[in-house]
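Visitor: I would like to learn how to read an interface and a ligand site. Could you walk me through them?

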Amino acid sequence: MDKIRVENLNAWFGSMQVLKNINVSLKEKKISAIIGPSGCGKTTLLRCFNRLHELVPGARVEGKIFLDNTNIYEKEVDPVMVRRRIGMVFQRPNLFNHMSIYDNVIAGYLLNNTKLSKERKDEIVERSLRLAGIWEEVKNRLRDYPSALSGGQQQRVCIARALAVEPEVLLMDEPTSALDPISTYRIEETIRELKEEVTIIIVTHNMQQAARVSDETIFMYMGEIIEVGSTSQIFTNPKQKLTEDYITGKFG
Amino acid sequence: MKKNLGDKIFKGIALFSSLFVILLVFFLFVELLIYSFPSIKKFGIYFFIDKIWDPVTERYGALPAIYGTIVTSILALLIAFPLSIGIAIFISELAPPALKRPLSFIIELLGAIPSLIYGMWGLFSLAPLVQLKIGPFLQRILGFLPFFQGYPLGVGYLTAGIVLSVMIIPTISSLSREILMAVPIDQREAGYALGMTKWEVIWKIVLGNARSGIFAAGILGLGRALGEAVAVTMVIGNFPNISVSLFSPGVTITSVIINEFAEAAGQLKISVLMELALVLFLITFLIMGLARYYILKRIEGR
Ligand SMILES: Nc1ncnc2c1ncn2[C@@H]1O[C@H](COP(=O)(O)OP(=O)(O)O)[C@@H](O)[C@H]1O
Ligand SMILES: [Mg+2]
């Protein structure tokens, strides 16, 4: 089953085109990795999936992205609704500075004056923090502010915050690039466990990470998709010369 | 060697300048205290609770002036604060990029207009408006409140409060705008990515992040209102009086000092005015200290 289908997607920053005619499908409840050298457009592609790209002044998108069977770039689709179905974890942890850990996790429910009972909130917070593998570490300090946590802990609370609203798709943009090896290991473990719950798209420029966590791999180069395939095929038997050169470390 | 000497000289100058400023403030305080002494000795605590101001019998109570200063400043803050936040939000979050700079510039320009000009505007344009339009209108819709009793004269607490509010809007709004613009993009994007609307991002994320800074901006505005002299003196009515009604004329610490200093004859009168200045100094100092404390907490706390 395809969860997301991209058709003829192009994206620009001002007059600079950074995504060129992207066509790709992503399977439901699988982990897809997007790899490629720095600046090839991985982040931009990810930010097209939840319509974040268009928020940058001067940025523009053309083409179609189907989530299930709706084109999220259709005129009548509200980007806010798209973003409630597609969560995102950024490259750097970006918990809300002015909110406690607890309030950060529940932040997705503060919208539209959604009313939740205290018990229901506690339940959501615990479930999400457990899913993100950080419950034990923070359960006694839920009223602390994010600055009291390490970067790796903050990033896992970010994952919990994104999961709290039960998204269908989770976008992750190099979620471990700013973290130490142990935090990285924990987050990779979390990602593998989450596969049961959500469709995951993870950008990474760490090829070992892509090989470790993903089912499918997409290789991008200069704004284009060069090759898509199962992760084992891409890493053991790439069809394109460019892909082979990249995964064998000839450039990048 | 040469560079070292330069460093030393520079360090010396810097140290001297900062010490100089601190000493200046300190001596100002001591000077005020010394001059106030006869008044402090004669009136003691009664200075702060007596309502009568009578140069003939040499009875001087500062309560009306302290009351007027506080009422007009708080009124100014109540009017200016929400407006300034609105302006700051508009410039930093909503205005098209081409409008941001000119708007900021105009607001800053408003802050550079001499207070005398605001006073003239207050006296010749605003006071008649308060007397004939704003006053009666407030009385019609809010006349049951004690604040809007009696007949609006034009000059008084309300007019002074409005003039002061216009004068502190530039301070509060440009500071707030800078604080809002300093909220990192990643905080906003985190909000959008969770499915927040633009308004939710502005209210819950941007303002939430900036709240202590905006609070400090408000306090700085309040400090400015407390110390404003010329414009307030022109529109306050200069009648030593304590009235809950905002339509009443009154006095402020600054207006009393301005009005009485020129003809201040005799040790005691001068000393009384000095003590008034000392009170203003202390109130302002306290408020500024509070503001600084909050700004520092914001910068260091995260
Ligand atoms: N905010 C921006 N404004 C202008 N150009 C940008 C911006 N962000 C990224 N780019 C450019 O777009 C291209 C793709 O960037 P990005 O998608 O971030 O690449 P990656 O995530 O693969 O490193 C790069 O050339 C980058 O310089
Ligand atoms: Mg990137």
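Guide: Gladly! A salt bridge is a side-chain nitrogen of Lys or Arg within 4 Å of a carboxyl oxygen of Asp or Glu. This is a predicted model, in which local features need pLDDT of at least 70 and side-chain atom pairs pLDDT 80 or more, while totals for chains, interfaces and linings use all residues. Residues are numbered from 1 along each chain as its sequence is written, chains are lettered from A and ligands numbered from 1 in the order written, and side-chain values use heavy atoms, without hydrogens and water.

Visitor: How many salt bridges are there between chain A and chain B?

Guide: The count is one. A:Arg47 pairs with B:Glu189, their closest N and O atoms being 2.6 Å apart.

Visitor: How is the size of an interface often given?

Guide: Often as the accessible area lost when the parts come together. Here, chain A and chain B bury about 1,900 Å² between them, 58% of it on carbon and sulfur atoms (area lost to a 1.4 Å probe, summed over both parts). A:Phe96, A:Asn97 and A:His98 supply 31% of what chain A buries against chain B, more than any other three residues.

Visitor: Which residues surround ligand 1?

Guide: Look for residues with a heavy atom within 4 Å of the ligand. Among them are A:Phe13, A:Lys42, A:Thr43 and A:Thr44. An oxygen atom of ligand 1 is 2.6 Å from a side-chain N or O atom of A:Thr43, and one is 2.5 Å from such an atom of A:Thr44.

How values were computed
Buried area = accessible area lost by both parts, 1.4 Å probe. Polar contact = N/O pair within 3.5 Å; in protein donor to acceptor, adjacent residues only side chain to side chain.
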